[in-house]
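Me: I would like to learn how to read a few features of a structure. Please take them one at a time.

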Amino acid sequence: MLPLTRRHALTAAGAAFLVGAAPARPSYRWPERFLWGTATAGHQIDGGNTNSDYWLLENLPNTRFKERSGDTCDSWNRWPEDIGLLKALGVNAYRFSVEWARIEPEPDLWSQATLDHYRRQCAALRDAGIMPVVTLHHFTSPRWIGAMGGWENEQTADRFARYAERVAAALGDLTGAFCTLNEPNAQVNSQVLRGGKADPKDAPILAAAARKAGSDRFGAYFLGDAFKVRDICIKAHRKGVDAVKAKAPGTKVGITLALQEWKKSPGGDALYERLWQQARKPFYDAAKGDDFIGVQTYILFRTGPDGFLPARQDAAFINTSNLEVPPTALGAAVREAHANTGAPVFVTENGIETEDDALRMRHLSQSLDSLHDAIADDVPVLGYMHWSLMDNFEWESGYGPKFGLYSVDRATFARKSKPAAALFRDLIRKAGVKPVSGKL
Ligand code: BGC
């Protein structure tokens, strides 16, 4: 796509003023055909992902997971109701992930019934004027991939490409865009902070997982040697892009990255540089020439001499985990990602972990301010997917952290909208959201 110029951004038809909870800004003009949506991931909302590596890890005796995923939000069965939630929000895009463990339950055994399930979901989204944005891999892999050594095994990149090809062939006509891998950079930061060493605490967990899987080894996206995983993920991404392009020509493909804003504090230059060289630059380099770069931003970290500094507790935006989460981090990440890849930006995740919905509302409207400022400064941005549609299974932290526009009753699965859902609906309506067809 052509870069969006300041003129385009400021003259786009259908633009409107953002008022209400948004701070008083004179005029907001969003790019025409901007994608407004929410994001989710299969393992976090579907439930019963029993054939995945995460399910195995959650159920180990020495598990690090606070809770097990279990039924999660039962979206595997309740997805039509979830499309109703999306319609109520008035979004024109929805980012969700398909599950490799369900599509290829054993090596080279492909489940047509599962692909049909996702096709029905994509078709129903299209009927509602909502573009499906499909993530191929959102952290979880089949347990048999784990038993082969997971993302430390070179063969996983080829296995992933074959899987991507199947999904692209099955869903490509209905899908607006594919994301290959979700945040393969996330774990690399911690390894840089440990001076390049894998976390020794992973070893007993991986040994127990191998025993349970009946293998002599086990590997997962977020365990083991994050540098090795990084290099194989980058290969998998490149092969995945080619696989999707071969089977779904014309469908845009990109990778999504965890892009905290990083600021240098006194004495923090060397660490910043190491993080940049080992954890960020390799991924930006891998994304050069892609159709888009997926930006996922939550947190601001300040680098000190020995690590990230504790959050400033007087900051206006602090999340439940006590981290600094200023809305301006989004604009900073979007600018950085575009400057370093040359690719158009797609905000594939942004949100806040909080129980305080008033804080969520302030964070949401000011994050959009910050995004709009970047657009007005000529950064090409294709869309904004809020994380998340509903409260869900937050990986090792279980069901504690709350990111949703909807809450979910853990016993009945009933979804209930929070005030931030109404705010999001109003903001995007005022921004001129329209139903979309076709591709990104
Ligand atoms: C991940 C999501 C996660 C969210 C909030 C992102 O890193 O892609 O799966 O739930 O952040 O922690």
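Me: How many residues has helix α10, and what does it reach from its first C-alpha to its last?

Reply: This is a predicted model, in which local features need pLDDT of at least 70, side-chain atom pairs count only at pLDDT 80 or more, and totals for chains, interfaces and linings use all residues. Residues are numbered from 1 along each chain as its sequence is written, and side-chain values use heavy atoms, with hydrogens and water left out. Helices (H or I, at least four residues) and strands (E, at least two) are DSSP runs numbered from the N terminus. The expected span of a helix is 1.5 Å times one less than its number of residues. Helix α10, residues 202–213, has 12 residues and reaches 16 Å, close to the 16 Å expected. Glycine 214 follows α10, with a positive phi near 70°.

Me: Which residues of α10 are buried?

Reply: Buried means under 20% relative accessible area, exposed over 50%, and partly exposed in between (1.4 Å probe, protein chains only). In α10 the buried residues are Asp202, Ile205, Leu206, Ala208, Ala209 and Ala210. Their cover includes α3 (53–58).

Me: Which way do the residues of strand β2 point?

Reply: In a regular strand the side chains alternate between the two faces of the sheet. In β2, Ala93, Arg95 and Ser97 point one way, Tyr94 and Phe96 the other way. Five of the five residues of β2 (residues 93–97) are buried, so the strand is largely enclosed by the rest of the structure.

Me: Which strands does β2 pair with?

Reply: Two strands pair if DSSP finds at least two bridges between them. Strand β1 (residues 35–39) is joined to β2 by three bridges and runs parallel to it. Five bridges, also in the parallel sense, link β2 with β3 (residues 131–137). Tyrosine 94 stands opposite threonine 38, and its bridge partner in β3 is proline 132.

Me: What do the strands form together?

Reply: Eight strands make a closed barrel with parallel pairing, in the order β1-β2-β3-β4-β5-β7-β9-β10. Neighbouring strands are turned by 25° against each other on average, direction ignored. Axes are lines fitted to C-alpha atoms, for helices over the stretch in contact, and angles run from 0 to 180 degrees between N-to-C directions. Contact means heavy atoms within 4.5 Å. Helix α13 (residues 328–341) packs on the sheet, touching β7 (292–297), β9 (345–350) and β10 (381–387), and its direction makes about 150° with that of β7. Helix α15 (residues 419–430) touches β1 and β10, at about 160° to the direction of β1.
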